[in-house]
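Student: Hello! I am new to this structure and would like to go through it step by step. Could you guide me?

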Amino acid sequence: MNSMRARLLMILLLTTGAVWASAATWIYISTQAQVERVLDARLREAARMVSSMVTDERVHLASAADAVSLPDFVPRSGNSYQRQLSCQIWSMEGALVSRSDSAPETRLAGDADGFSISEVDGEEWRVFTVANAERDVRVMVGDNMHIRNALVRDVMLGTLLPMTLFLPLGALVIWFSVRRGMAPLDDMASTIASRHGGDLQPVKVEKMPSEMLPVICAMNGLFQRVAAARQRETAFTSFAAHELKTPLAGLKTQAQIALASGDADVQANALRQIGSGVDRTSRLVRQLLDLAAIEAADQAPELLRGRPAQVVEQVVEELPTKERSRIRIEQSGSELEARFEPALLQMAVRNLIENAIRHSPDDREVLVRLAATGNEVEVLVEDEGPGIPESELPHVTERFFRGRDRAAAGSGLGLSIAEEAVMRIEGVLRLRNRDPHGVSAVVLLQGAGD
Amino acid sequence: MRVLVVEDDPILSDGLSVGLRMAGFSPDAVGCIADAETAMRASAYEAVVLDVMLPDGSGIDFLATRRQANDRTPFLILTARDRIPERIEGLDAGADDYLGKPFDLDELAARLRALVRRNAGRATSALTWNDIVLDPATLAVSRAGKEIPLTRREFTILRALMERPGTVLTKPALEETIYGWQEGVESNAVEVHVHHLRSKIGHGVVQTVRGLGYRIGGELP
């Protein structure tokens, strides 16, 4: 069942119903026993009374049986019971001496004293018999069971009817209580439903019942995470937009120059600039996407066993031809295996290689090699550029850090992306200057181990 | 009109240099604050176009330092961060104008002209001397309502002279006006340009003050 309210209502109704039913059964049984006992006691009293009256000769023997219906003797509790008791007086020989009006002519019981049940003329009788030795008679006082059952039924009805009437009322009260009890849930639902999409404020916990706290706390936690993610995204979008504005401004300016200038050389130069501007902008866009991918990932990536050489080859293959021809891959470490996440390692290696190409003279090679050191695998990218001033070395992996003396100014993102990607695959990025010049970027990866 | 462009993006920087030269300016371009400081120490600029995010610091901070040192050169801030609070920050730091990237080259040139004009205390950009009218916005020169086509350098020399009528400008001063320091200067370049200018605009306008330089108007020696 999906509705908590319906479930609660059902449980309450069923248990209340069960309790009610057993109470009713218990009342029914005990009332019946009680009524039987009281009526039996009256039978016995009446029989003994009649017997003693016969003994005392207070009444004539022939009319003695009528005494049972005398008002002072039979409590007139209700009309239907007025003529309920029937009395027969039989001689020891078996002749009917006297009988009350309500009594049948057929003998009500046998010779035995005490209670008995008999069937007379198709009707059932409860009879108490007393033998009166002095007068040689038997006094029998009986209840017609038909009437007695009606009496019991009336008593039961008097007790159970109000209880039965209470049943729907009780159900109504339960339904109402459940509604009231669940109201905080509805309140919370409507509070949250009325929010607009950007409202990620935590739900106030002060007025909430303690049972709902776990749900609200979990929800607030989620709100918080969503808000943080959204803030990150907004910050990133704004950052990306700003980063793109400068190269776009360059492109627009060059395009305006190409349009406005009548000089063929100026036009050609502007168009060349536009070409390389588009390349730079594409690279920036890719770096921004890399950054977005790194930032968006919440979970640690799964590290797989593989050959870093394969990743390096793929990166080099994707480079523009002119740049590809400047890369030299040393084959000696190509069989080495390590643990990494291919996409992240690719991101790191690509940014390192691009960085190396951009910071070394056009006629110099960039060397990529792999080496095993202890339990680790090193991916080295070595260039023959001017190197990084020692004072700038600690800062080059900071975002947007751009060296002062670089002719080819980058976005200041490449090394930062490389470091973050390497860190995510539980590796280490080290940068150091080479002798006599150039930079060696080392990615330390966990060995494949066994 | 010499302007300094401080912009670290090579393509934009190149575009600004070429574009502003086409619009009649003589731009010098540098890529960082340190170079900008050196350039401003070495020569006087009529305006500076300044990027905010530079490799060695914030252009806004650089501008604030210049203003503290009582530098009154007009600064135009050129930046990707052009939302209102950022504009306010830039203007409060002492910027004279603010332009968001990407921008229109013609608008940038117009704004620079306005800055220079305001700095010189003139109400219109067009310069007038006798029947000669020079409009820096359209690079047009006319005499007695008749259009006179001039080359960029001839125009620049005429403008420099018309900006300060009666004042003698030395040959090195004119050289500096017409050439940024990326361009080589031929030894007799100014003389050649003045010669062409005179033949186009008519004699009796640009006067030679022997041993000193050139001027427009004023008493004949």
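Predicted model: local features only at pLDDT ≥ 70, side-chain atom pairs only at ≥ 80, totals over all residues.

Student: How many helices and how many strands does chain A have?
Tutor: Chain A holds 450 residues, and 26% of them are buried. Of its contacts between residues at least 6 apart in sequence, 62% join residues at least 24 apart. Its secondary structure comes to eight helices and twelve strands.

Student: Which element of chain B gives the most to the side that touches chain A?
Tutor: The contact takes 24 residues from chain A and 22 residues from chain B. One element of chain B contributes nine residues to its side, and that is helix 1 (residues 10-22). The residues on this side of chain B divide into 13 nonpolar, six charged and three polar. So the name to remember is helix 1 of chain B.

Student: At what angle do helix 3 of chain A and helix 1 of chain B pack?
Tutor: Two packed helices are described by the angle between their axes and the distance between the axes. Here helix 3 of chain A covers residues 213-260, and the axes are 8 Å apart. The crossing of helix 3 of chain A and helix 1 of chain B is left-handed. The angle between these two helices is about 35°.

Student: Which element gives the most to the largest nonpolar core?
Tutor: That core has 39 residues, and B:Val3, B:Val48, B:Val49, B:Leu50 and B:Leu76 touch the most other members. Elements of chain B that each supply at least two residues include strand 1 (2-6), strand 3 (47-51) and strand 6 (75-79). With five residues, the top contributor is helix 5 of chain B.

Student: Which residues is B:Leu50 in contact with, leaving aside neighbours within four places in sequence?
Tutor: B:Leu50 is one of the core residues that touch the most other members. Its contacts are B:Val6, B:Gly59, B:Leu63, B:Phe75, B:Leu76, B:Ile77 and B:Leu78.

Student: Why does A:Leu39 count as partly exposed rather than buried?
Tutor: A:Leu39 sits in helix 1 (residues 4-56) of chain A, and it touches A:Asp143 and A:Arg148, not counting residues up to four places away in sequence. Being buried takes 20 or more other C-beta atoms within 10 Å. A:Leu39 has 19 of them, so it is partly exposed.

Student: Where is the cis peptide bond between A:Asp435 and A:Pro436, and what is its omega?
Tutor: A:Pro436 is in the loop between strand 11 (428-433) and strand 12 (439-447) of chain A. The cis bond joins A:Asp435 to A:Pro436, with omega about 5°.

Student: Which residue of chain B does a cis peptide bond join to B:Pro102?
Tutor: B:Pro102 lies in the loop between strand 7 (97-100) and helix 5 of chain B. This bond has an omega of about -10°, and the partner is B:Lys101.

Student: What phi does B:Leu139 have?
Tutor: B:Leu139 is in the loop between strand 9 (132-135) and strand 10 (140-143) of chain B. It is partly exposed, with 16 other C-beta atoms within 10 Å. Although it is not a glycine, its phi is positive, at about 60°.

Note on methods
Residues numbered from 1 in each chain as written. Chains lettered and ligands numbered in written order. Contact = placed C-beta atoms within 7 Å. Helix = DSSP H or I, 4+ residues; strand = E, 2+ residues; numbered from the N terminus. Nonpolar A, V, L, I, M, F, W, Y, C, P; charged D, E, K, R; others polar. Axes fitted to C-alpha atoms, helices over the stretch in contact; angles between N-to-C directions. Left-handed = near helix turned anticlockwise from the far one by under 90°. Core = buried A, V, L, I, M, F, W, Y, C linked by C-beta atoms within 7 Å. Buried ≥ 20, exposed ≤ 12 C-beta atoms within 10 Å, placed from the backbone.
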